[in-house]
Amino acid sequence: MNYFELFSLSPSYDVDTAILAERYRDLQRAVHPDKFANASEQDKRLSVQRTAQINDAFQTLKNPIQRAEHLLALKGLELSHESTTLKDTQFLMQQIEWRESLEEIGDSDDPEAEIEGLYASFDAFAKPITAALKVLLLSDLESDHLQAADQIRKLKFMAKLQDELARVEDALLD
Amino acid sequence: MALLQIAEPGLTAAPHQHRLAVGIDLGTTNSLVAAVRSGVAGTLADESNLHSLPSVVRYTQDAVFVGREAEAFSAQDPQNTIVSVKRFMGRSLEDIQSGSQTFPYAFEASEHGLPIFVTPQGKVNPVQVSAEILKPLIQRAEATLGGTLEGVVITVPAYFDDAQRQGTKDAASLIGVKVLRLLNEPTAAAIAYGLDSGKEGIIAVYDLGGGTFDISILRLNKGVFEVLATGGDSALGGDDFDHMLQDFFQQQWSLQKISASLSRKLLIEARRVKEALTNSDTTIASVVDDSGCELSLTVSRATFDSMISKLVKKTVSSCRRALRDADVSKEDVLEAVMVGGSTRVPLVREEVANFFGKSPLTSIDPDRVVAIGAGIQADILVGNKPESDLLLLDVIPLSLGVETMGGLVEKVVSRNTTIPVARAQEFTTFKDGQTAMAFHVVQGERELVADCRSLAKFTLNGIPPLAAGAAHIRVTFQVDADGLLSVTAMEKSTGVKTSIQVKPSFGLSDTEIGAMLRDSMANAEEDITRRMLAEKQVEAARVLESLNAALSKDSQLLTADELVSIQHFMASLAQLASEQDTDAIEKAIEALDTVTQDFAAKRMDNSIKLALKGQSVDNI
């Protein structure tokens, strides 16, 4: 299913989130189960299914990484459930560095500064990746799609690290 | 003589007729019922002009008492007077007894390990006890509003898991009440506040009730209430404050072995002391012990605060986590709303005000606000306000997952995902010719199955016998707008639908519910037959009504042949619905369902298209 079509948007990595949210609300108003509380079982069933689909589409389009994955899938390259590993040594080194900093936060005198620093480092690293991804996703060449997939893998890895960082931050606050 | 109104077959006589529906706050300590009357939402009072009904049920040889009549005997007959039954909902007996608290009830475990109370009226489970609380509320509503209710909205803590939600819904079906929606308590409160003020922005709802704590972060925008994140603890509430005071009394008065009756007296006094400390700095606790001696002691607010401070801190931590999950900061929060009787405790107000950096909103009675919100929602859902802009987008509070090798959990739906949600997962066989597969569904955030709550176990049968790894079974987990899970499965290569038998871990099976239904009827067989017929007739009427509305609006989506065929099946259902054959009505509904499937799907897709009409693809 083409989620961009569902939201009447042209497929693109750049999405106006305000418009996206507005259309999401309009779609929800049309099919949400609350509008069918008194309807037949059949309509109720359909409404739950369609609303679930719209929710899924919204989540996908809202999240830049998932949006990029969906774009790539529309071009015929499925990334999910794969076990391909990245062969980028530079990125690998960076990963190890991040991991080490993450583990040392607990011992730091100023953990909050460490956490801020890591977030900033993620942001700085993600910027050129996102810029490259944007260009690659415009292309119709398969080789570009494969490269785009690699950029997405990096972003996914960083998202996972960010989740871990958030957990560390959480533990510090408690 | 007034003329009888005769509507055309299949058409409702009075389309603008006001339909009766109420919202029910089925609370741990108190329950309330609310409705919208002449455009104003409010709670309904009983004949003594009291609004809240204590959630207490007493079973005696001759009768079942609910509310104040039951509460009055709480100390005298604790074994048969059940308080705070909501805390037992969807929990196993083992769970309940593993806590520090002891209970005066005569417990027994059901086949699945659920708690059963042995009473002079026989064995009852928490679902049945909850149904007893619902009964007088429904009666009160029907007497006040002057007619039969078409449906109710029942509120549940946002943090309730699937078993607890299902139990609540079962309680309503046990007394034949149609549940329009299970509504999360904080969301209900937000409706009550939101419609009043017409605010836009982020609000936090802090809901500390008798037995549960919820924190919800919502975004209000043009009538849409979008829950961004929710958190809490379904076993933390004002009751715990009472128990801390109770333990404190016991310790101070050096009471070692005490009777169930004295224990209940201590608990009642604890609650009184807690409430007294809301408006004064000290109060005197006093109780007459089993030997007739009067015990007393002075309790200061400072002492009480130090007792409960750890619990209150825990709720603040949950607030912090919920904000993070919602990806908003404290400064973004426009308003913090206080809900639940326990938010009257001064320390709770202080800590919440400190955390959010603003004094919390308390303008609507914290005991009634949830019921009022539910009443507003019920009025809309039943169809009295078709022009309403209100839309609730709620989330699933705890992640759903399946057990994989080694007792690990694979997450299928993560917490705070907007519902309804459907997720498909593919599984394969690991033995040649394997025709069945066992699944274990759990709910929780931890990685090990043992640390999560078991929801259900089910077996897929009828997998076509293929080589190991050749069968691809697609299992779809769907969570509906009530937060309830259902599972369907299909083998992909052959398209064979596999059958699923879901065994709820801490809930009741359909057969158990059937048995309870029969038990609840005096003249079992005859009553049940009559009730089933009535239910089918109502369903038939609903199907015909909504189909008529659909046809008058969208019949252009059908070919002439399709229309004739649908009308034929409708006429036959209308005929059967006026007769007495329940099975025949059921079959006719199914037949009509099949013949209208495409039409229904087309209409739904049409409304999706219409929703975005005029917004061109190149709008950005």
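**View 1. Polar contacts between chain B and chain A.** In this predicted model, local features need pLDDT of at least 70, side-chain atom pairs count only at pLDDT 80 or more, and totals for chains, interfaces and linings use all residues. Between chain B and chain A there are 16 residue pairs in polar contact, both residues at pLDDT 80 or more. A polar contact is a pair of N or O atoms within 3.5 Å; within protein, one must be able to donate a hydrogen and the other to accept it, and residues adjacent in sequence count only if both atoms are side-chain atoms. On the side of chain B that touches chain A, helix 15 (597-611) of chain B is among the elements that each supply at least two residues. Helix 15 of chain B gives the largest share of that side, nine residues. Helices (H or I, at least four residues) and strands (E, at least two) are DSSP runs, numbered from the N terminus. Residues are numbered from 1 along each chain as its sequence is written, chains are lettered from A and ligands numbered from 1 in the order in which they are written, and side-chain values use heavy atoms, with hydrogens and water left out.

View 2. In contact (heavy atoms within 4.5 Å) are 52 residues of chain B and 48 residues of chain A. The buried area between the two chains is about 4200 Å², with 52% of it from carbon and sulfur atoms. This is the accessible area (1.4 Å probe) that two parts lose on being put together, summed over both. Five salt bridges are counted between chain B and chain A. A salt bridge is a side-chain nitrogen of Lys or Arg within 4 Å of a carboxyl oxygen of Asp or Glu. Asp605(B) and Arg50(A) form a salt bridge, with the closest N and O atoms 2.7 Å apart.

**View 3. A buried salt bridge in chain B.** Asp161(B) and Arg453(B) meet through their side chains at 2.4 Å, N to O. The pair links distant parts of the chain, 292 residues apart: Asp161(B) is in the loop between strand 11 (151-156) and helix 4 (162-174), Arg453(B) in strand 24 (453-461). Both Asp161(B) and Arg453(B) are buried. Buried means under 20% relative accessible area, exposed over 50%, partly exposed in between (1.4 Å probe, protein chains only).

View 4. The side chains of Asp281(B) and Arg301(B) form a salt bridge at 3.9 Å, N to O. Asp281(B) sits in the loop between helix 7 (260-276) and strand 16 (282-288) of chain B and Arg301(B) in helix 8 (301-326), so the pair ties together parts 20 residues apart in sequence. Asp281(B) counts as exposed, at 54% relative accessibility. Asp451(B) bridges to Arg446(B), the closest N and O atoms being 3.4 Å apart. Asp451(B) is partly exposed, at 38% relative accessible area.

**View 5. The largest nonpolar core.** This core has 51 residues; Phe7(A), Ile54(A), Leu133(A) and Leu137(A) have the most contacts inside it. A nonpolar core is a set of buried Ala, Val, Leu, Ile, Met, Phe, Trp, Tyr and Cys residues joined through side-chain atoms within 4.5 Å. Helix 6 (111-138) of chain A gives the most to this core, eight residues. Domain 1 (3-62) and domain 2 (89-173) of chain A both contribute residues, so the core lies between them. Domain bounds come from an automatic or database domain assignment.
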